[in-house]
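Have the model open as you read, and take the points in order.

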Amino acid sequence: MSQNSNYGEHIKKYMEEISTEEFEPLTKQQEIEVLNDETLSKDEKAEILVRHNVRLVSKVARNYTNIAEYDDMMQEGILGLQKAVETFDPSKGNKFCTYAYFYVFKAIQEYLKKENKGQSETLENMEGMVI
């Protein structure tokens, strides 16, 4: 029981850390400015988009802490976020976080399916889940 309590404190501390301005979600205009900034490398642009969308990953991961470890889901979700950065096309008019949600959710979903093969009913219920 104390391990769950410590783990809850761990999540709470992490949430406090990503609640700072450094991780504040970007507006659509700020995203466009970052993506059009010729002084930034492709990697720097990607790092900015990932950093400012970590809260999205955390929001998705928190929904499944009863199924898997939060830290593991965060790692998988961030990989999904990085995939979204690679394929994002701002000319389509979408805000990055809207576009990235699918990739984050899918990465976490695939991780959960792999880790929890015997719990297919729980995982099937999350198929249509929208946050």
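1. In this predicted model, helix 2 (residues 28–36) and helix 3 (residues 42–51) have axes that come within 9 Å and cross at roughly 160°. Axes here are lines fitted to C-alpha atoms over the stretch in contact, with angles from 0 to 180 degrees between N-to-C directions. Helices are DSSP runs (H or I, at least four residues), numbered from the N terminus. The pair is therefore roughly antiparallel, a label for angles over 145 degrees.

2. Which residues make the contact between these helices? Helix 2 brings Glu-31, Val-34 and Leu-35, and helix 3 brings Lys-45, Ile-48 and Leu-49; contact means heavy atoms within 4.5 Å. Four of these residues are nonpolar, none polar and two charged.

3. Next, look at the loop between helix 3 and helix 4 (54–62), where Asn-53 sits. Asn-53 is buried at 5% relative accessibility (under 20% relative accessible area, 1.4 Å probe, protein chains only). Its side chain reaches the backbone oxygen of Leu-49 at 2.7 Å. Not counting residues up to four places away in sequence, Asn-53 touches Leu-81, Phe-96 and Cys-97.

4. Ala-61 belongs to helix 4 and is buried, with a relative accessible area of 0%. Beyond its neighbours within four places in sequence, Ala-61 contacts Tyr-70, Met-73, Met-74 and Ile-108. Glu-76 lies 15 residues from Ala-61 in sequence and 9.3 Å away in space, C-alpha to C-alpha.

5. A word on conventions: residues are numbered from 1 along each chain as its sequence is written, and side-chain values use heavy atoms, without hydrogens or water. Local features need pLDDT of at least 70, side-chain atom pairs count only at pLDDT 80 or more, and totals for chains, interfaces and linings use all residues.

Definitions and conventions:
Helices (H or I, at least four residues) and strands (E, at least two) are DSSP runs, numbered from the N terminus. Angles under 35 degrees count as roughly parallel, over 145 as roughly antiparallel, 65 to 115 as roughly perpendicular and the rest as oblique. Ala, Val, Leu, Ile, Met, Phe, Trp, Tyr, Cys and Pro count as nonpolar, Asp, Glu, Lys and Arg as charged, and the others, Gly among them, as polar. Buried means under 20% relative accessible area, exposed over 50%, partly exposed in between (1.4 Å probe, protein chains only). A polar contact is a pair of N or O atoms within 3.5 Å; within protein, one must be able to donate a hydrogen and the other to accept it, and residues adjacent in sequence count only if both atoms are side-chain atoms.
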